[in-house]
Amino acid sequence: MYQIQLSMELKVQEDCVMKMIPIDEESKMVTYLGILIPELQRFPYSFYRALEVRQFNFVGKIELLNPERIETFKKRYYNWHMMVDSQRQPQEILDHFLRLICFAIVNKSPSFGEAWQDLCNYGA
């Protein structure tokens, strides 16, 4: 069985691109997981394995430190980080999770956008 690990930042992590701030209240992570776990079950483990998802990292929030490195920031921001303090509403959590999936699919298959457009235009 494919396993996905959960991790949580316990102290501020900062580099030249971004700053990850820990969760201010750990109880928020339980609420976040309560919303996220039913969504995770919608996809089989083989889906996550194909996308090479190995870990979900829970942080309070992430800040961009160097606007000149926005592309690097996007790659790291959408690397399965869950912003518990920034995403409080269920819809915000679900939207972020779906964006992570889309980003992973596009990274795995650069031609995905074209294939999606072809599918959307099929029969039009």
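This is a predicted model. It holds seven salt bridges.

**Stop 1: Lys28 and Asp85.** Select both side chains. They form a salt bridge, with the closest N and O atoms 3.2 Å apart. Lys28 sits in helix α1 and Asp85 in the loop between β6 (81-83) and α4 (90-108), so the bridge ties together parts 57 residues apart in sequence. Is Asp85 buried or exposed? Asp85 has a relative accessible area of 14%, so it counts as buried.

**Stop 2: Lys108 and Glu52.** Their side chains meet in a salt bridge, 2.8 Å from N to O. Lys108 belongs to helix α4, while Glu52 lies in the loop between α2 (45-50) and β4; 56 residues separate them. Lys108 is partly exposed at 45% relative accessible area. Glu52 is partly exposed too, at 46%.

**Stop 3: Lys61 and Glu63.** Here the closest N and O atoms of the salt bridge are 3.6 Å apart. Glu63 is partly exposed at 28%, and Lys61 is partly exposed at 35%.

**Stop 4: the aromatic rings.** Color Phe, Tyr and Trp. The model has ten aromatic pairs. Select Tyr32 and Phe58: this pair is edge-to-face, 5.8 Å centre to centre, with 90° between the planes. Tyr32 is in helix α1 (residues 27-40) and Phe58 in strand β4 (residues 55-59), 26 residues apart. Both Tyr32 and Phe58 are buried.

**Last stop.** Select Phe43, Phe47, Tyr48, Phe56, Trp80 and Phe97. Together they form one aromatic cluster.

Methods. Residues are numbered from 1 along each chain as its sequence is written. This is a predicted model: local features need pLDDT of at least 70, side-chain atom pairs count only at pLDDT 80 or more; totals for chains, interfaces and linings use all residues. Side-chain values use heavy atoms; hydrogens and water are left out. Rings of Phe, Tyr and Trp (its six-membered ring) pair if their centres lie within 6.5 Å; planes under 30 degrees apart count as stacked, over 60 as edge-to-face and the rest as tilted. Helices (H or I, at least four residues) and strands (E, at least two) are DSSP runs, numbered from the N terminus. Buried means under 20% relative accessible area, exposed over 50%, partly exposed in between (1.4 Å probe, protein chains only). A salt bridge is a side-chain nitrogen of Lys or Arg within 4 Å of a carboxyl oxygen of Asp or Glu.
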